[in-house]
Amino acid sequence: MNVLTFDSDDKLNEAAANIIIGQIQTTPRAVLGLATGGTPVGIYKQVVREFNRGMFSFRNVTTFNLDEYVNIPIDHPESYHSYMNSHLFSHIDLPAAQCHIPDGNAADPADECRRYDEAIELSGQIDLQLLGLGHNGHIGFNEPAHALIKGTHVVDLAEETLEANARFFDSVDDVPKQALTMGVGTILKAKKILLVVKGADKADIVKRALQGPITTDCPASLLQTHPNLIVLLDAAAAGKLS
Ligand SMILES: N[C@@H]1[C@@H](O)[C@H](O)[C@@H](COP(=O)(O)O)O[C@@H]1O
């Protein structure tokens, strides 16, 4: 595990963006695993800034997002489809057929999960997976549980997750209660994982995830087993690491 700490948000975003851009420059047909949430917003902004300087292209890149809410209209401003369009996809030259986000409105969610896993397999596996971290240690929407699921599946969101994501909706009651998420098996199969965490409110969970026991109670702790994990933290999120 390679852990780097940054004293400014700009430097952290730049470092994360450079890892993504470097992956595309060395592997033009890269398969990227993408994340949503507050954390990657500045990273995507920096990727778009560099893209506009004409140094690289997404023409041959394929992307798979980690998750999507269940039963949220695709054009709802808080759907992860809308998030990805507004923060990244509408600003770059990534062909629409090469962006994949689970369909939270699928008539048969189990079938959609199978289809999503097959598409990832067919792509030849994810070269670089970008991850944020939930306050309860979730990655994607893999919530703390007695057992974790390997592939894409439907998940009931934890109370803490509903509360954490209420800031994006009018009230906590408006947050969708379920999501489709890539499983931890798929996440851990990525050739390289880039975990980015910001803020003092995540310092305790960063400590548990990176230096605590490996347990399904903290799904991110499984990342400790990954052979190629890069962790970028701001000073506040790194505050409790020994
Ligand atoms: N499903 C997403 C995760 O992929 C994200 O990493 C995490 C942290 O989000 P944030 O970066 O807003 O703290 O929670 C969300 O609910």
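This is a predicted model: local features need pLDDT of at least 70, side-chain atom pairs count only at pLDDT 80 or more; totals for chains, interfaces and linings use all residues.
Student: How far does helix H2 (residues 41-52) reach from its first C-alpha to its last?
Tutor: H2 has 12 residues.

Student: Where do the buried residues of H2 fall, seen down its axis?
Tutor: Ile-43, Tyr-44, Gln-46, Val-47 and Phe-51 are buried in H2 (buried: 20 or more other C-beta atoms within 10 Å of its own; exposed: 12 or fewer; partly exposed: in between; C-beta atoms placed from the backbone). An α-helix has 3.6 residues a turn, so residues three or four places apart point the same way. The buried residues of H2 stay within an arc of 160° (directions from the helix axis to the C-beta atoms), so they line one face of the helix.

Student: Which elements do the buried residues of H2 pack against?
Tutor: Contact requires C-beta atoms, placed from the backbone, within 7 Å. Helices and strands are DSSP runs numbered from the N terminus (helices: H or I, at least four residues; strands: E, at least two). The packing partners are helix H1 (9-26), H3 and strand E9 (192-197).

Student: What is the distance between the end C-alpha atoms of helix H4 (residues 109-122)?
Tutor: H4 has 14 residues. At 1.5 Å a residue, they should span 20 Å. The model agrees: 20 Å.

Student: How wide is the arc that the buried residues of H4 cover around the axis?
Tutor: The buried residues of H4 are Cys-113, Tyr-116 and Ile-120. They sit on the same side of H4, because their arc is only 60°.

Student: Which exposed residues does the face of H4 turned away from its buried side carry?
Tutor: The buried side packs against strand E3 (62-65), strand E7 (153-156), strand E8 (178-181) and helix H6 (184-189). The face turned away carries Asp-111, Glu-118, Glu-121 and Leu-122.

Student: What is the phi of Gln-125?
Tutor: Most residues other than glycine have a negative phi. Gln-125 lies in the loop between H4 and strand E6 (128-131). With 14 C-beta neighbours inside 10 Å, Gln-125 counts as partly exposed. Although not a glycine, Gln-125 has a positive phi of about 85°.

Student: Does Asn-71 count as buried or exposed?
Tutor: Asn-71 lies in the loop between strand E4 (67-69) and helix H3 (80-87). Its phi is positive, about 60°. There are 12 C-beta neighbours inside 10 Å, so Asn-71 counts as exposed.

Student: Which residues does Leu-223 touch, not counting residues up to four places away in sequence?
Tutor: Leu-223 lies in the loop between helix H7 (203-211) and strand E10 (229-234). With 23 C-beta neighbours inside 10 Å, Leu-223 counts as buried. Leu-223 touches Ile-193, Leu-195, Ala-209 and Leu-229.

Student: What radius of gyration does the chain have?
Tutor: The C-alpha atoms fill a box of roughly 45 × 40 × 35 Å along the principal axes. The globule rule is 2.2 Å times the number of residues to the power 0.38, with the radius taken over C-alpha atoms. For 242 residues, a compact globule would be near 18 Å; the chain agrees, at 17 Å.

Technical notes: Residues are numbered from 1 along each chain as its sequence is written. The expected span of a helix is 1.5 Å times one less than its number of residues. Two residues are in contact if their C-beta atoms, placed from the backbone, lie within 7 Å.
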